[in-house]
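Open the structure in a viewer that lets you select residues by number. The stops below can be followed in order.

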Amino acid sequence: MTFVLEVNTSDIKGGCFLALQTSSNLQKVLAFQNPPHLHQNQTKMSQFKTVLVAGGLSGGLGKFIVEEFVANGDYNVKILSRSSSLTEKAAEIEKYKSVGVEVVAAEYTDHAGLVKALKGVDVVVSTVGTAVIETQISLIKAAEEAGVKRFIPSEFGSDISKIPSPVFNHKRQISEYLRTTTLEYTIFYTNYWLDTILFFAEWDLTAGKAIIIGDGNDRFTVTHRKDVAKFVVASLSNPKSRNAVHGTASAVVTWRELLSLAEKHSGKKFDVTYKDLGSVQAELAATKDFTHEYVRDTVLSIAAQGLGLVEESVAVDYPEIKVITPDQFFREFYNKA
Ligand SMILES: NC(=O)c1ccc[n+]([C@@H]2O[C@H](COP(=O)([O-])OP(=O)(O)OC[C@H]3O[C@@H](n4cnc5c(N)ncnc54)[C@H](OP(=O)(O)O)[C@@H]3O)[C@@H](O)[C@H]2O)c1
């Protein structure tokens, strides 16, 4: 059964909301119970045994995915880290060893070393950083040669098939290349990470300052990194995740709703700077280099252009996962502060 809802801030609950974008570009937020169009997880059995998280030793997302695999308990868990990184990360290696996680070392430029590191691995989850997305070509080649079954590329952002910006060229090339290989794949579109996007957007949650591109009323999805990790682990037991794009989310929000939650939990009225989308886009068009500001404004404009939702055809729900809601995120942030 499906209901179309008018959502206000107090309605924002994760898990039962997905953002759907129809071909006519009409955006709706639907709450659903057993929606027939969603690819629900039908079995808990995974055909995979050994998983390896590339960049999982201390990466922003990778560490959450490793922790979730460990918590799940059904998998042999490995981490791939560059040999050159290991000396600085002795504490992390010890921590993971104590819970049975093996850290294997290889440089992304060393094909034979990568193949050796990936032997016996069923699934590679790549979480390499934004600046080194292209290193995955060598990882994919090695995975194929080593007999890996599935490769989850380092996407974990917006649906870049709809966003022409050159910022995402490497990600596009990787997913195109992956589709030409014998490897199975699952590509995750999570849109903005709930627990990092406001800092990236240069909101000051302590001083009570926010910056919003556009009028702040566009709907978009956010996914907490802990939920991204849960979705990745759950996907391995979902037959529908084979050679699929997975659009997953903790919640659907607008900037104004996030602002309202920040004000509620901080007890402060925020000072908000609104930036005109047209002016931001004109500045982006005139910029030639991928400066931090260029990437930041490109990423933040996605929501203001109405492109921060998940296509109905790729939206996936895991109703058994209890997601972290924006309300919970802000409550915990201000309780710690
Ligand atoms: N949706 C969002 O809001 C959002 C936000 C940020 C990022 N993302 C995306 O999520 C994915 C993971 O990003 P992240 O921020 O978690 O990554 P990250 O922390 O910047 O990097 C992850 C790991 O990549 C490895 N790496 C491999 N080659 C490297 C090199 N040459 N230089 C530096 N590190 C290298 C490092 O592991 P070792 O040192 O152990 O080898 C590093 O810890 C990316 O695709 C990124 O675009 C999405």
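How many residues does helix α11 have, and how far does it reach from its first C-alpha to its last? Select residues 292-304 in this predicted model. Helix α11 has 13 residues there and reaches 19 Å, close to the 18 Å expected at 1.5 Å a residue.

Within α11, colour the buried residues: D297, V299, L300, S301, I302, A303 and A304. Then step past the end of the helix to G306, where phi is positive, near 75 degrees.

Stay with β12 for the next stop. This strand belongs to an open sheet of three strands, ordered β10-β12-β14, with mixed pairing. Select β10 (192-193) and β14 (251-253): these are the edge strands, and each has a single partner, so one side of each is left without a neighbour in the sheet. The pairing of β12 with β14 is antiparallel and runs over three bridges.

The last stop is the largest nonpolar core, with 78 residues. Show I65, L118, V124 and V232, which have the most contacts inside this core. Helix α8 (residues 225-235) gives the largest share, six residues. The core lies between domain 1 (2-38 + 193-221 + 251-307 + 322-336) and domain 2 (50-189), because both give residues to it.

Finally, centre on V232. Leaving aside neighbours within four places in sequence, V232 is in contact with I65, V125, I152 and F188.

Notes. Residues are numbered from 1 along each chain as its sequence is written. This is a predicted model: local features need pLDDT of at least 70, side-chain atom pairs count only at pLDDT 80 or more; totals for chains, interfaces and linings use all residues. A nonpolar core is a set of buried Ala, Val, Leu, Ile, Met, Phe, Trp, Tyr and Cys residues joined through C-beta atoms within 7 Å. A residue is buried if 20 or more other C-beta atoms lie within 10 Å of its own, exposed if 12 or fewer, and partly exposed in between; C-beta atoms are placed from the backbone. Helices (H or I, at least four residues) and strands (E, at least two) are DSSP runs, numbered from the N terminus. Domain bounds come from an automatic or database domain assignment. Two residues are in contact if their C-beta atoms, placed from the backbone, lie within 7 Å. The expected span of a helix is 1.5 Å times one less than its number of residues. Two strands pair if DSSP finds at least two bridges between them.
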